[in-house]
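Subject: The structure we talked about

Hi,

Here is the structure for you to open alongside this email. My notes on what turned up in it follow below.

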Amino acid sequence: ELQGVYLDEHFVDIGAATAFSELVNQTEVQKHIPILAEAAATVGAWQIQNRATIGGNIANASPAGDSLPVLLALNAELVLAGKKGMRTIPYDQMHSGYRSTALGPGELIVRVRIPLPRPGTLQFFEKVGTREAQAISKLVMATSALLSEGIFQDIRVGVGSVAATPVRLSAAENYLKGKTPSQKTADEVAEIARSEVQPIDDVRSTAEYRSYVTGRVLRRMVLKCGGSP
């Protein structure tokens, strides 16, 4: 009952015990939320993808979790179950601190519900690691953007490995709304993104590198919204 992907008129509904290998190949995920399929394909090796679950990635609460910025960018919500019954919370309220969550004693993540994106929504995912595969993220970012006549109407940017929790780049989002994905816009939002994150030095990378790459990756995503390769 905690596995599988289901589609209704409003949501892609994912059981918390659904393995990443299923998300990589699931038709509805590929069609409606392709950045989740992309993220799932970066989680460890095939053996890990066959056992690791989306609910486990959330509950583990590592700021480097590959699927977590995607859930922020896609405005996901979580269905939780405990002895007091069921409740639903926005995913962006799940992580209260480093390795800390909003789960109560004995409470479980039951389902992950992702609103169906509006027609024309653009989605981008990028993971930066020491190597192409089987690497913990130095930085991981996901973006969901809606443009109308070449102007950003709505955009959500989730990023991991740059703070104690996965975070939204709210200042960068607010800057982009109402602007065109031009070279100037991309350069300016990159600077905003760099100043918005608070990474640390650790064994995988330095704070300076993470901050710089945050700006560069978002810059590239903005240019892709404008049709650049």
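Let me start with a charged pair: Asp13 and Arg113 form a salt bridge, with their closest N and O atoms 3.1 Å apart. Helices (H or I, at least four residues) and strands (E, at least two) are DSSP runs, numbered from the N terminus.

Before going on, please note that this is a predicted model, in which local features need pLDDT of at least 70 and side-chain atom pairs count only at pLDDT 80 or more, while totals for chains, interfaces and linings use all residues. Residues are numbered from 1 along each chain as its sequence is written, and side-chain values use heavy atoms, with hydrogens and water left out.

The structure holds 12 salt bridges. Another one pairs Arg219 with Asp187, at 2.7 Å between the closest N and O atoms. Arg219 belongs to helix α9 and Asp187 to helix α8 (residues 183-196), so this pair ties together parts 32 residues apart in sequence. Arg219 is buried, at 17% relative accessible area, whereas Asp187 is partly exposed, at 33%. Asp202 and Arg210 also meet through their side chains in a salt bridge (3.1 Å, N to O). Arg210 counts as buried, at 2% relative accessibility. Salt bridges with shared partners also join Asp13, Glu77, Arg111 and Arg113 into one network.

**The cores**

Which residues touch the most other members of the largest nonpolar core? They are Ile14 and Ile58, in a core of 35 residues. (A nonpolar core is a set of buried Ala, Val, Leu, Ile, Met, Phe, Trp, Tyr and Cys residues joined through side-chain atoms within 4.5 Å.) Among the elements that each supply at least two residues of this core are β2 (11-15), α5 (54-60) and β7 (108-115). A second, separate core has 25 residues, including Phe124 and Val213.

(Axes are lines fitted to C-alpha atoms, for helices over the stretch in contact, and angles run from 0 to 180 degrees between N-to-C directions; contact means heavy atoms within 4.5 Å.)

Ser137 sits in the loop between β8 (122-128) and β9, with a relative accessible area of 1%. Ser161 is in the loop between β10 and β11, with a relative accessible area of 8%. The backbone oxygen of Ser137 lies 3.1 Å from a polar side-chain atom of Ser161. Leaving aside neighbours within four places in sequence, the contacts of Ser137 include Ala64, Arg204 and Arg210, and those of Ser161 include Pro63, Ala64 and Arg210.

Best wishes

Methods. Buried means under 20% relative accessible area, exposed over 50%, partly exposed in between (1.4 Å probe, protein chains only). A polar contact is a pair of N or O atoms within 3.5 Å; within protein, one must be able to donate a hydrogen and the other to accept it, and residues adjacent in sequence count only if both atoms are side-chain atoms. A salt bridge is a side-chain nitrogen of Lys or Arg within 4 Å of a carboxyl oxygen of Asp or Glu.
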